[in-house]
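Dear colleague,

I am passing on the structure below, and my notes on it follow. Please read them beside the coordinates.

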Amino acid sequence: MACAILFPKMEGSTSPKALRVAAISGSLRRGSANTGLIRAAKEICEESIPGMVIDHVDISDLPLLNTDMEVDGGFPPAVEAFRASVRAADCFLFASPEYNYSISGPLKNALDWGSRPPNCWADRAAAIVSASGGSGGSRSMYHIRQVGVFLDIHFINKPEVFIKAHQPPKKFDSDGNLIDPEIKEELKEMLLSLQAFALRLQGKPANSKHAA
């Protein structure tokens with residue numbers, strides 16, 4: 001797989017006060033609506049949520065979990081880069097489809113690699129958004145929450161954003177970009193809730209209106 005940089009460097013403001021959000025798409029498909037949700041979240045933060053920066057962490061180059069690949073406490077380069085991105089984050093945003101009533105394979109693989117000792121996920125806030133079929137991804141979202149219990153990830157409770165991606169009116173264009181203004185507003189409210197909860201976990205002042 002030709003890729004000069006396995007995982008992108010953190011983009012956006014370098015302000016030490018910025019809340020860094022590692023955003024992970026559970027879909028590897030070109031034109032994925034879930035990856036499009038991450039792009040939309042990034043734009044929303046840049047335009048209207050000061051102090052919050054979305055960093056898209058690409059998981060497409062992660063190998064399938066195999067502990068034989070761990071040598072002398074180290075991991076393959078792609079895994080090391082991914083784990084470094086997770087450790088550097090203040091909180092997480094997962095955008096994932098529902099596959100067969102559950103978590104997508106690529107996302108579960110990423111969660112598992114990040115969980116290898118020492119666990120990189122623990123004690124931080126997270127939010128989940130899903131664009132999928134008839135359920136809007138609700139079943140996969142609850143399975144991600146179950147996995148998060150063991151990983152000590154603290155998810156916001158509300159709002160829950162389930163997007164029935166294939167039902168009218170049209171919500172995404174052919175490239176997976178979010179075009180529905182109502183969903184953009186729902187996504188913004190979710191991001192504000194994540195920001196407030198993450199700051200609260202860090203012991204910093206947060207707007208109680210958007211607390212989890």
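Is aspartate 72 buried or exposed? Aspartate 72 is exposed, with a relative accessible area of 81% (buried means under 20%, exposed over 50%, partly exposed in between, with a 1.4 Å probe and protein chains only). This is a predicted model, in which local features need pLDDT of at least 70 and side-chain atom pairs count only at pLDDT 80 or more, while totals for chains, interfaces and linings use all residues. Residues are numbered from 1 along each chain as its sequence is written, and side-chain values use heavy atoms, with hydrogens and water left out.

The protein chain has five helices and eight strands (DSSP runs, H or I of at least four residues for helices and E of at least two for strands, numbered from the N terminus), and buried residues make up 48% of its 212 residues.

On the backbone, aspartate 72, in the loop between strand E2 (52-56) and helix H2 (77-88), has a positive phi near 50°. Tyrosine 101, in the loop between strands E4 (98-99) and E5 (102-103), likewise has a positive phi, near 70°, and counts as exposed at 56% relative accessibility. Most residues other than glycine have a negative phi, and most peptide bonds are trans.

With regards
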